[in-house]
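This report describes how two chains meet and how one of them is built. Please consult the sequence and the model shown below while reading.

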Amino acid sequence: MSKNYETVIGLEVHVELATKTKIFCGCTTAFGGAPNTHTCPVCTGMPGSLPVLNKKVVEYAAAVGLATNCKITQKCKFDRKNYFYPDNPQNYQISQLYLPICRDGHVDITLADGSTKQVRIHEIHMEEDAGKLVHDEYDDVSYVDYNRSGVPLIEIVSEPDMRSAEEVIAYLEKLRQTIQYLGASDCKLQEGSMRADVNLSIREVGASEFGTRTEMKNLNSFTAITHAIEGETERQIDLLEAGKEVEQQTRRWDDNNGESYPMRSKEDAHDYRYFPDPDLVPLNISDEWLDEIRSNQPEFKEEKAIRYREEFGIPDYDIGLITDSKKLADIFEEATAECGEPKKVSNWILGETMRILKEKSLDPEDITFSPANLAKLIKLVDGGTINGSVAKEVFANIFDEDVDPEAYVEEHGLKQVNDEGALKACVEKVIADNPQSVLDYKGGKVQAIGYLVGQTMKAMKGKANPGMVNQLLKEMLDK
Amino acid sequence: MANVIDDETIDYVGILAELELSDEEKEQAKGDMSRMLDYIDKLNELDTTGIEPMSHAFAVSNVMREDLVTNGDGSEATLANAPEKTDDTFIVPKTTIS
C-alpha cells in the first residue's frame with residue numbers, strides 16, 4: 001500500500017419490533033408458524049384490503065428515537081416504495097421517506113482504548129417486513145411464505161461516521177443494548193430480528209470528499225460484519241491501487257468463502273417512485289403522547305450503573321458487565337432483592353452464568369431460569385446446607401431446567417455433611433490410606449494437604465464441609 | 001401538449017412497471033403521460049406559498065389499532081386463488097437477485 005487510506009462506514013440497521021401483531025393488521029408476529037398461517041388480506045396485499053396502523057409500533061419507534069437523542073417528527077406519514085419481487089405481495093412496501101418518525105440523533109460509543117466517540121443517526125423510520133422466499137434446489141421455482149410480511153421494522157440509518165470494524169461493532173452493541181433495555185426488540189442477528197447493511201467507501205487520509213461506496217448485505221453475525229468490513233476495505237484499496245475505480249453497487253457477503261459478490265449495480269436503477277400512501281391517514285404525535293412515551297422510558301445502563309454503585313456497593317467491573325445486558329441486570333436486581341447479597345449474586349452471574357453461556361454459545365437474553373432460584377441457592381450455601389462445589393452442580397440444573405434448589409438438594413441427597421464424627425472417621429481413613437502424602441506434609445510440603453482434602457471430599461461424594469475437613473486434617477496431622 | 005414523452009422514457013417506465021407494451025400501446029401511453037404532466041403543470045400554476053402539503057384527501061389523522069391479535073390461521077383464504085401452490089406455500093418462478 002503506497003498511500004494511507006481510511007475506511008468510511010455508515011450503517012442501515014433493520015430491527016424487528018417486539019409487537020404481538022403486525023404493523024397494519026391483527027395477524028400474529030410469532031416466529032416459526034406453519035407457512036402462511038399468520039396471514040390475512042392486508043398483509044398479503046389483496047385488493048380492497050385496508051391497513052390500520054398498530055399504535056405500539058409508533059410507541060416503540062418513538063421510544064428508540066428518544067433513547068438515541070433524535071428529534072421526533074410529530075407530524076409524520078407513510079409512503080409507498082414501489083418494486084416488484086415475490087416476497088412483497090403488494091408490489092410496494094409501506095415505509096417512510098419524506099417524514100420519518102425520528103431524525104438527527106446520536107449515540108456515544110466506547111472503544112477498547114477507553115475513548116468515546118459520537119455516531120450520528122440520520123433518521124429512523126417505520127416500515128413493514130417482506131415475506132420469505134425458499135428457492136428450490138433442483139426446480140426453477142421458489143416457495144413463498146408471507147408469515148413475516150407486515151412484521152413491523154424500524155430502520156436506523158446512521159451518518160457515515162464510523163472508521164473501523166471496531167467502531168461498527170461498538171455502535172451495533174450500543175443500539176442492541178438500548179433497544180433491549182426498551183424491550184422494543186430482542187435484536188438477534190442470527191435470527192434476523194436485527195440486520196445490518198454496511199455502506200463502505202475508502203479515501204485517502206485527509207481527503208474531504210467521500211469515495212464511491214458499496215453496500216453490503218447478508219451480515220448475520222458480528223464476526224461476519226468484521227470480516228466483511230476488512231474484506232471490502234481491502235478489495236476497494238486493491239482497485240484504487242491498480243488504477244481502477246470502485247463501482248457503486250450492492251454486494252452480498254459470503255462469510256464461508258470470505259468474499260463478497262455483486263448483487264446489483266447502479267445501472268439497474270433503483271427508482272422506487274415513492275409517494276404518500278393514500279390508504280393511511282397522517283400521524284400526529286401529540287405533545288401529551290410524546291410525554292407519556294418519554295415518561296415510560298426505562299432506566300438505561302448509565303443510570304443503572306450509578307444507582308448500583310450507591311445502592312449495592314459492588315465493584316465497577318461487576319457493574320459494567322451486569323448492566324451491559326438488561327437481562328443480567330434484571331436477574332441481578334431480582335435475586336438481590338430476594339437474598340440481600342449483591343456481591344454473591346454478582347459472582348454467580350459473572351462466574352458460572354457467564355461460563356455456561358459461553359460454553360453453550362448463548363446470549364444473556366436466552367437465560368430462562370428464575371432469579372428467585374438463584375437467590376435460594378445462595379441462601380443454601382450461606383446457611384451451610386450445601387458446599388460450594390455442590391452449589392455449582394445444582395446451579396447447572398437451575399440454569400438448564402430452573403429447578404428449585406431446595407427440592408433438588410433434598411431429592412438428590414446433596415446436603416453438606418457437617419457431622420464431626422462422620423468427617424473425623426473419614427479423615428482418619430484417608431490419613432491411613434495415604435502415608436506418602438502424610439510424610440510429605442510432615443516433611444514441610446504444606447501443599448500436600450490439598451491432596452488429602454481432595455481424597456476426603458471424594459470419599460464423602462463431594463458433600464463434606466470443606467472448612468471442617470481442612471480443620472480436622474490439620475489438627476490430626478499436626479498432632 | 002407541452003410535455004413530450006420520448007421513447008426512452010416510456011421504455012424505462014415500462015421496465016419499472018414490469019409491463020411489455022406493443023408499439024401501438026407505447027404511442028398511446030406517451031400521449032396519456034404527456035396529458036397527465038400537462039395537467040400537473042396546470043396545477044403548478046397555482047400559488048401554494050405557505051400552504052402545508054396534504055398527504056391525504058380526508059382531514060383525518062391517527063387512525064390506529066391496539067396491539068391485539070385478532071386474526072387466526074388465514075392460510076386457506078390466502079392460498080385459495082393461488083395459480084400454483086404447494087400445501088402451504090405459493091409457487092413462483094425462481095427469482096433471485098443476482
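In this predicted model, 34 residues of chain B are in contact with 42 residues of chain A, a contact being a pair of residues whose C-beta atoms, placed from the backbone, lie within 7 Å. On the side of chain B that touches chain A, the elements giving two or more residues are β1 (64-65), α3 (75-79) and β2 (90-93) of chain B. Here helices (H or I, at least four residues) and strands (E, at least two) are DSSP runs, numbered from the N terminus. With 4 residues, β2(B) gives the most to this side of chain B.

Ala, Val, Leu, Ile, Met, Phe, Trp, Tyr, Cys and Pro count as nonpolar, Asp, Glu, Lys and Arg as charged, and the others, Gly among them, as polar.

| Class | Side of chain B that touches chain A |
|---|---|
| Nonpolar | 13 residues |
| Polar | 14 residues |

Strands are taken to pair if DSSP finds at least two bridges between them. Opposite Asn54(A) stands Arg65(B), in β1(B).

Chain A has 15 helices and 17 strands. Its radius of gyration is 29 Å, well over the 23 Å that the globule rule gives for 479 residues, so chain A is more spread out than a compact globule. The radius is taken over C-alpha atoms, and the rule is 2.2 Å times the number of residues to the power 0.38. The C-alpha trace of chain A spans about 90 × 60 × 55 Å along its principal axes.

Chain A is divided into domain 1 (5-289), domain 2 (299-411) and domain 3 (420-477), with bounds from an automatic or database domain assignment. Between the C-alpha centres of domain 1 and domain 3 of chain A the distance is 63 Å.

Of the 479 residues in chain A, 39% are buried. A residue is buried if 20 or more other C-beta atoms lie within 10 Å of its own, exposed if 12 or fewer, and partly exposed in between, with C-beta atoms placed from the backbone. Gln248(A), in the loop between α3 (222-241) and β14 (249-254) of chain A, is exposed, with 12 other C-beta atoms within 10 Å.

Residues are numbered from 1 along each chain as its sequence is written, while chains are lettered from A and ligands numbered from 1 in the order in which they are written. As the model is predicted, local features need pLDDT of at least 70 and side-chain atom pairs count only at pLDDT 80 or more, whereas totals for chains, interfaces and linings use all residues.

Conventions:
Contact = placed C-beta atoms within 7 Å.
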